[in-house]
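Open the structure in your viewer and keep the selection tool at hand. Each stop below says what to select and what is there.

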Amino acid sequence: METRAQTTAQITARTTAQESAPQLTSRLKGKVALVGGATRGAGRAMAVELGRAGATVYVTGRTTREHVSEVGRTTETIEGTAELVDEAAGATGRGIAVPTDHLEPDQVRALVDRIDREQGRLDILVNDMWGGDVFLDWSAEKQPDMWDMDLDKGLRIMRLGIESHIITSHAALPLLVRNPGGLLVEVTDGTEEYNRRYRKPLFYDLAKTTPIRMAHDLGEELKEHGCTAVCLTPGWLRSEAMLDTAFKVTEENWRDACAHVPHFAISETPTYVGRALVALAADPDAARWNGQSLSSGGLAQEYGFTDVDGSAPDAWRYLIEVESQGKPADVTGYR
């Protein structure tokens with residue numbers, strides 16, 4: 001069953017539809033997107049918002065209603081994501097679930113061949129594959145030095161956060177560049193500015209900084225084909241796991257968590273980065289961002305969209321200017 005996760009996502013979907021449907025629907029009608037890692041969190045929301053905007057969205061991941069990945073959360077599946085895409089899209093977009101392990105080149109090639117066979121094009125590729133948090137202990141008082149961390153776990157983190165993105169881009173970019181205007185979106189955690197600091201442990205730091213460099217490098221290659229690459233990060237994300245596991249709250253009462261972690265007041269729903277992606281993909285001048293590190297909060301200032309509550313949190317600026325400076329939590333001027 002997907003009761004809890006689906007309920008949270010559906011509440012967000014209904015709120016979004018009520019508040020912003022005229023601005024979001026049909027902007028990407030006729031476009032074809034692949035969201036790798038769309039099982040939950042930012043990936044799920046980006047798939048839903050692409051569908052709401054009219055795109056046909058292939059959603060992939062390892063957790064299905066028959067199989068659960070090492071992440072271990074049975075409440076979110078790619079079939080559930082596809083259904084949420086259909087619910088948001090109405091008669092315009094469509095969600096198509098394809099079980100895929102993005103570390104298996106044969107599976108990824110088969111996925112791309114299917115998109116080519118069924119659609120004949122790919123306009124938007126989102127590399128949001130991750131799943132490495134299960135190998136990290138964020139509750140520890142201090143993160144381990146590289147040589148003290150289990151090597152197998154560290155290398156698995158690297159494979160999940162980097163190798164999966166490389167395999168997917170290698171297979172899918174030949175289809176993307178077939179038509180000018182294609183968009184590659186590398187998804188990470190943290191802006192280039194924020195990630196200049198060391199985000200211990202080493203394996204996590206590398207997994208989250210590498211997509212920024214990948215977007216820069218692939219942007220150089222894609223621009224010769226009239227296509228664009230960017231790296232996009234949400235802010236402090238109120239994902240399903242963050243709500244029900246880390247803070248034991250729901251989307252409805254998430255502010256209760258601020259009593260224990262005051263800076264959580266700057267957090268945002270996954271829908272916010274989904275709206276950022278739609279605004280970017282619908283921009284005829286998106287090439288101006290080629291190779292850059294972007295955030296949901298930064299793009300909100302550029303394109304004028306908001307989170308589902310009407311606010312526009314700028315989390316990474318807040319984390320740099322307030323949280324990292326040891327100042328008391330105060331989101332005034334940051335959302």
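Predicted model: local features only at pLDDT ≥ 70, side-chain atom pairs only at ≥ 80, totals over all residues.

**Stop 1: two helices.** Select helix α8, residues 270-282, and helix α9, residues 296-303. Their axes lie 9 Å apart, and the helices pack at an angle of about 50°. The crossing of α8 past α9 is left-handed.

**Stop 2: the contact.** Show the side chains where the two helices meet. On the α8 side, select Y272, V273, A276, A279 and L280. Their partners in α9 are S296, G297, L299, A300 and Y303. Of the residues in this contact, eight are nonpolar, two are polar and none is charged.

**Stop 3: the cores.** Now select M46, L50, V57, V126, V185, L232 and L277. These have the most contacts inside the largest nonpolar core, which has 37 residues. Helix α8 gives the most to this core, with seven residues. Centre the view on L277: leaving aside residues up to four places away in sequence, L277 touches M46, L50, V126, L183, V185 and L232. A second, separate core has 22 residues, among them V108, V112, L125 and A229.

**Stop 4: a serine.** Select S164, in helix α5, residues 151-176. Is S164 buried or exposed? Its relative accessible area is 2%, under the 20% cut-off, so S164 is buried. Beyond residues up to four places away in sequence, S164 touches H102, L103, M129 and R159.

Notes: Residues numbered from 1 in each chain as written. Heavy atoms only, no water. Axes fitted to C-alpha atoms, helices over the stretch in contact; angles between N-to-C directions. Helix = DSSP H or I, 4+ residues; strand = E, 2+ residues; numbered from the N terminus. Left-handed = near helix turned anticlockwise from the far one by under 90°. Contact = heavy atoms within 4.5 Å. Nonpolar A, V, L, I, M, F, W, Y, C, P; charged D, E, K, R; others polar. Buried < 20%, exposed > 50% of the residue type's maximum accessible area, 1.4 Å probe, protein only. Core = buried A, V, L, I, M, F, W, Y, C linked by side-chain atoms within 4.5 Å.
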